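Hi,

Here's the model I said I'd pass on.

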Amino acid sequence: MALTGLMWYGFLVGHLAGNLTLLSGDSGAAFDEYAGFLESIPQFIIPTELILLLALALHVYCAVSLSREAAAARPIGYRQLRSVGGRSVASRSMIWSGLLILVFLGVHIFTFKYGDRIDGSLFRLVQETFGHAIWAGFYLIVMVALGLHLWHALRSAFQTLGLSARPTLRRLSIAFCTIIAGGFALIPATMFLGG
Amino acid sequence: MSDRTHVGCGCQRGASHEGAGHGGAAVHVDERRVNVMSVRLRVWRQKHAGDKGGFVEYDAGRLTPDMSFLEMLDVVNEDLQRDGDEPIAFDSDCREGICGACSLVIDGVPHGPGQGVTTCQVYMRNFSDGATITIEPWRAQAFPVVRDLIVDRSAFDRIIGAGGYNSTNTGSATDANSALISQAQAEEAFDAAACIGCGACVATCKNASAMLFVAAKVKHLNILPQGQPERRQRTVAMLKAMDDEGFGHCTNEYECEAVCPKEISVEHIAFLNREYLRAQVLSSGMRPVITEA
Amino acid sequence: MALDGHTPGGPLAEKWDRHRFDLKLVNPANKRKHTVIIVGTGLAGASAAATLAELGYNVKSFCIQDSPRRAHSIAAQGGINAAKNYQNDGDSVYRLFYDTIKGGDYRAREANVYRLAQESVNIIDQCVAQGVPFAREYGGTLANRSFGGAQVSRTFYARGQTGQQLLLGAYGSLMRQVHAGKVELYARHEMLELVVVEGVARGIVTRDLTTGKMESHVADAVLLCTGGYGNAFFLSTNAKGSNVTASWRAHRRGAYFANPCYTQIHPTCIPVAGGFQAKLTLMSESLRNDGRVWVPSAPGDQRAPEQIPEGDRDYYLERRYPSFGNLVPRDVASRAAKQACDEGRGVGATGRAVYLDFADAIRRDGESLIRQKYGNLFQMYEEITNENPYKSPMRIYPAVHYTMGGLWVDYNLMSNLPGLFVLGEANFSDHGANRLGASALMQGLSDGYFVIPYTLGGYIAGTPLTDINTSHPAFVDAEKEAQGRLDALLAVQGKRTVDDFHRELGLLLWDHCGMARTGAGLTQALERVREIRQQFWQNVTVSGSTGELNQALERAGRVADFMEFAETMIHDALARDESCGGHFREEHQTEEGEARRDDENFAHVSAWEFTGPGEKPTLHKEALEFQNVALTQRSYK
């Protein structure tokens, strides 16, 4: 779980760094150039995509089997079980935020990777899409879910990999996932408002 | 769940020999000074492992805030018996928070309100007069209900049997001061060793995982010099035993730490994960090559 | 009849060595042909079970708790003594022996106590090897503290949870043997009968507390490690489940009960708060190292403690015992508290409490140091009483804590019934009439780790036993008897609960056979106990059936045994017409109110033989010979 999740974490960092060129204010020149560069190195991109896909499959598989094991480990539940500790919105919604992200991933790839570019410009397609309130809103909601997912994911990964559960690392997790989710959310928000 | 209501258990503490405490006839607690309170209990009753079970409600009156929660149940049980009914079965022994026998989920929290306490250390002053209190047993596949609020926790014993010790036969020890252990290290080992094996960590975990229990034991032994020879084997064997017993996995929510009556830290789980990874790496052949001179 | 303790000959320091050499050995290959039953999994039981299994015996281990780790040894707080002399402060095996004999008011067997002191050093080695996290010095060596009544620092400790850590060590070793298949573990099983075949203990009858099923178990020897009988008093610091049943059942089958009147009343417990109270909580004696005990000088002083000026306070322990002060032995401290309260100077709502004040210590060392030393105890006090002991003094009162008496055993820890061994608190052997702090853990582990492995071997190697199984009439009869008793309890169908009777019995014992006893009070109590017992069998209510988990029935059986046992305890207290240690007969005290022994007539062990319920038991005496220490009046002035 932790390892496959961390691979996606790595991807997200790169993806965000690249996509922030959307906001460079040059009518998409930098972004389209960046997209073009990526498309020019399929020998690198395709294996990466395959690896990410495999990691995703494993991640989902682990999630499903963990949920099943958890259900099997407590076949009869409580009438009442209250949280008094570390359980958070993020940790208790991992499965839901995960499912939402999975759906989003399909939509996102379909829209932008396989969508019809406007005049050959991916930037224009993105601009067009985020001009619609529904699309921008959908993206913003998903980014909130992503942020929550990443928050529990990172601190949980630290713990699983035996690093630590110390408050510093917990705080670091919050900061990091805020930057990533916030960064991504900035794109549809800015483009809708600027739009 | 069939909710039968059993009201009318008025909890009269009527026997003539009560009221006077230990310490001679001179002792008499002035009953007028005592704050009287009452609560309604919603208790899980189940005759045996195969029974379906359900919640039953009881009214408990004439309680005082100075009573412990279990003393309140004692009072309820005495009344039930006077009426010829079977008392509510629950585990308890030392009644001072160290044996780990008591194990009630009170209003959704293992060991009830208060931090760092066992069920027997919960007092009625933690509840408001007239409150309805729900009492359930630990719930986990690995802790089957034996009767009412009693569960079978022998899975913990079997996990210890798999490796929770140093294999030192009696008589084979060296002098106690032959291995020096820093104060900090002894304290750290003690922090982990303080676990009382009550199972609250399992009870509260949404995955019914026993990671905190296993981690505490592994940490206690694995950081001491005496525990080194079996360090890897212990870690792997105890984790395997935990899986075999049907406990779930840890998804790092740290509820266990919050309900632990001995406030055992989830840091120990990180340690256990580290020890496990280390044991896996070392046993997969990637061990450092030792050349003999 | 005079009893023979089978103490080996030779000089004191060589007795155990010589004896070990004289004992026959069981061939290693033959050990696996022998089965040993061990009842109880506290320090004595768990250590014995683990050690005997390591040696190769087949062990069957029984406990009433859901896990062996929950035996009441787990609750011991203070520490464990050992004559390591790591502190270089003048300790030695001989000094530990001497202190223990003297602390027991010269009512223990010299040879046993010396052996205990010798083995004490091995216990610490063993426990450290198991990973027990004892307190350490900055340099990494083991730390020690002085403890109730000792003037050297020989107590090893693990915060305030020494018993827990020692038991977890022994329990780990036990579970290792369970895992290896050498020990068969029977948790939630209660021994209800000892089975004696041709005068030899050959097995037990147990009840599976989960299903109610009666079971018989055959063995070559039976070890009782079932703790003390403090719960006869209903309120004590013992766990709720602690009971005398295993010992009493063995007694009814012929094992002698020795010195049942020796009970230890611990001075530092949280006072009784109300009639609903289920048990009393001990505060570690280590508190007396820094806390000062006092009461108001004048009777009936109702002022809050902070408002009582120094001049109106009586630090009675410091006043009466200037050299030991607040650290006098437990029996002395307890009695002094009772006297202060009897004089009307007790404090708190009930008037049965004295102050234990840390104000001076906090002024001297700072609150943080006191918090570091006793934080968990202060927290425990606050949780129970809802009062902050950093701000106002604690209120404490003595409570029943430990029982020095127990089944009679010889030097080999074997009772007068061949094949029945008794270890730990369940036997009477090492503490005389008063136990010193931090000596109970030492004795339990010494018996289990280092004595029984030798003496049991000697018995098994030297005793030819016939092959029998559970269809032997003795087993069938015992099962029938145990079942009959349970049926009888259920058949009464009376009005009063088991706890109600138990409370009444306990209060009676506390008043007449507690901290102070008189001939007249004991005679009266004897009468009253009989009445209570009769009423119990006429009017007790026990619901449910025998074929299920039935906690009311379990308690009823135990209380029924306490009812019978109480009589023997009172007989013993009556017969011992002297004061010694925890047994204080008001008729026998010095002018200053201290216990006055009568060595001429009572330097013996009183071992009682069962003659029938309600019948006066027969007294057997084992003379105590003191060849190495001079009997003196104990003085802590």
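**The interface of chains B and C**

Chain C and chain B bury about 7,400 Å² between them, with 51% of that coming from carbon and sulfur atoms (buried area being the accessible area, 1.4 Å probe, that two parts lose on being put together, summed over both). Keep in mind that this is a predicted model: local features need pLDDT of at least 70, side-chain atom pairs count only at pLDDT 80 or more, and totals for chains, interfaces and linings use all residues. Residues are numbered from 1 along each chain as written, chains are lettered from A and ligands numbered from 1 in written order, and side-chain values use heavy atoms, leaving out hydrogens and water.

On the chain C side, Arg70(C), Arg159(C) and Phe276(C) lose the most area to chain B, together 10% of what that side buries. In terms of contact (heavy atoms within 4.5 Å), 90 residues of chain C meet 89 of chain B. Of the 2 pairs of chains that touch, B and C have the most contacts. Chains A and C don't touch, and their nearest C-alpha atoms are 20 Å apart.

There are also 9 salt bridges across the interface of chains C and B (a side-chain nitrogen of Lys or Arg within 4 Å of a carboxyl oxygen of Asp or Glu). Asp175(B) forms a salt bridge with Lys84(C), where the closest N and O atoms are 3.0 Å apart.

Which helix gives the largest share of the side of chain C that touches chain B? That's helix 6 of chain C, with 9 residues (helices are DSSP runs of H or I, at least four residues, numbered from the N terminus).

Cheers

How values were computed: Helix = DSSP H or I, 4+ residues; strand = E, 2+ residues; numbered from the N terminus.
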